[in-house]
Amino acid sequence: MVTAFPFSAPRFTEEQQAKEKASLKDEEKAQIQRDIYGKGSDMDYPEETDEFLIPKLEMFQQEVDAIDYKPAYLEALEKAPKIVEEESPAVTFLRCENYEPKPAAKRLIMYWKFRKQFFGEDKFCLPMTIHGGAMDEKDAQYVREGITLQWCGMDQHGRPVIVHEIFRPKVSHFEDKTPLYRAFFYMHQKFALSSRTAQLNGAVLITNAKTYDIRIFDRKQIKTVVEWLTDGAPCKIAADHMVSGPSLQNLFMSIVMPILLAVFSRHLRQRVLFHCGQDTENIASLEAKYGISSLAVPEGLGGEWTMDLYDDWLNRQIALEDQNNNNDNNN
């Protein structure tokens with residue numbers, strides 16, 4: 001079903017952007033610069049010795065226990081404690097929140113809230129796997145086609161580079177958005193748990209605005225994903241590079257972006273960057289300024305990353321899932 005573009009939806013004006021930017025504290029500005037340009041590294045964080053980590057984990061659990069309303073988390077803990085331990089490890093959420101136990105605990109609870117919202121009562125406690133787990137056939141199809149997210153490698157700072165393809169015209173007839181949420185969640189889970197660097201320093205998002213179709217703008221869908229990324233995902237978005245061509249610049253910047261920015265969280269709004277030149281210009285900018293090689297940019301945006309490479313990566317992930325599942329069954 002093709003939906004009408006919400007021209008009357010709330011917009012985040014240039015005046016609001018300027019006011020928000022002026023309100024940023026020096027510490028926030030410094031963090032934004034580190035995130036956008038990848039100036040942070042694992043060396044900026046404490047070594048995870050037992051002396052450092054054990055007290056943090058104890059405080060984290062105390063904060064979790066102190067949260068009164070956490071039905072999805074408690075249900076998961078009762079039904080599938082091994083899944084809770086393996087797929088939402090406490091240390092991951094601590095790293096994501098700079099080892100601060102209170103916000104890390106809140107993020108864990110929100111993670112399970114959204115996981116239940118996306119996967120439903122019957123599946124949210126199942127393993128996050130393509131075969132024999134939480135993903136059904138339609139969910140897996142979207143993952144294989146790279147409709148929501150595609151893993152495209154790392155930037156020069158070791159952070160995952162993820163391409164967002166949610167604006168593909170082929171999505172325009174999807175009346176049920178649930179498989180899109182599930183595919184998005186699955187992919188994020190894979191790269192979020194892939195490395196300590198991803199958990200500490202976040203992931204770099206490239207939004208392919210070239211495939212944008214104004215008829216399929218779904219404000220509610222975008223808002224739901226942004227809320228999950230902001231409040232419940234185990235890996236933050238360090239920067240969002242929105243890439244289009246000159247022909248789409250006026251449409252995207254004047255009509256679409258003000259509405260998108262109104263939906264985005266403050267964290268994400270301050271980390272959005274625009275690339276509206278020719279492919280060669282965009283690639284040069286991504287590499288020279290932000291450390292994103294053309295090897296990690298899809299062919300459709302002038303880079304060298306292909307769907308064959310994505311297929312190879314995904315097949316390795318699925319093979320590892322199957323192997324782990326077989327090991328569990330044999331134990």
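Hi everyone, let's start in the middle: the largest nonpolar core has 91 residues, and those with the most contacts inside it are Trp 112, Val 143, Tyr 186, Phe 264 and Ile 292. By nonpolar core I mean a set of buried Ala, Val, Leu, Ile, Met, Phe, Trp, Tyr and Cys residues joined through side-chain atoms within 4.5 Å. Buried stands for under 20% relative accessible area, exposed for over 50%, and partly exposed for in between, with a 1.4 Å probe and protein chains only.

A word on the model: it is predicted, so to speak of local features we need pLDDT of at least 70, side-chain atom pairs count only at pLDDT 80 or more, and totals for chains, interfaces and linings use all residues. Residues are numbered from 1 along each chain as its sequence is written, and side-chain values use heavy atoms, with hydrogens and water left out.

Now the overall picture. The protein has 15 helices and five strands; these are DSSP runs numbered from the N terminus, helices being H or I with at least four residues and strands E with at least two. Of its 331 residues, 53% count as buried.

On to the sheet. It is open, with five strands in the order S1-S2-S3-S4-S5 and mixed pairing, where two strands pair if DSSP finds at least two bridges between them. At the edges are S1 (149-154) and S5 (272-275), each pairing on one side only. From one strand to the next, the twist averages 25 degrees; axes here are lines fitted to C-alpha atoms, for helices over the stretch in contact, and angles run from 0 to 180 degrees between N-to-C directions.

How enclosed is S3? Six of the six residues of S3 are buried, so the strand is largely enclosed by the rest of the structure. Ala 203, Leu 205 and Thr 207 point one way, while Val 204, Ile 206 and Asn 208 point the other. S2 and S3 run parallel, joined by four bridges, and Ile 162 stands opposite Leu 205. On S3's other pairing, with S4, there are six bridges, again in the parallel sense, and Asn 208 stands opposite Val 243. Helix H9 (residues 178-192) lies across S1, S2 and S3, at about 15 degrees to S1.

Finally, the aromatics. A search of the whole structure finds 16 aromatic pairs. Rings of Phe, Tyr and Trp (its six-membered ring) pair if their centres lie within 6.5 Å; planes under 30 degrees apart count as stacked, over 60 as edge-to-face and the rest as tilted. Tyr 37 and Tyr 290 are stacked, 5.4 Å centre to centre with 15 degrees between the planes. Tyr 37 lies in helix H2 and Tyr 290 in helix H14, so this pair ties together parts that are 253 residues apart in sequence. Tyr 37 is partly exposed at 29% relative accessibility, whereas Tyr 290 is buried at 8%.

Trp 112 and Phe 124 pair edge-to-face, at 6.1 Å and 70 degrees. Trp 112 and Phe 124 are both buried, and both belong to a cluster linked by ring pairs that also includes Phe 93, Tyr 181 and Trp 228. Thanks, everyone!

Definitions and conventions. Contact = heavy atoms within 4.5 Å.
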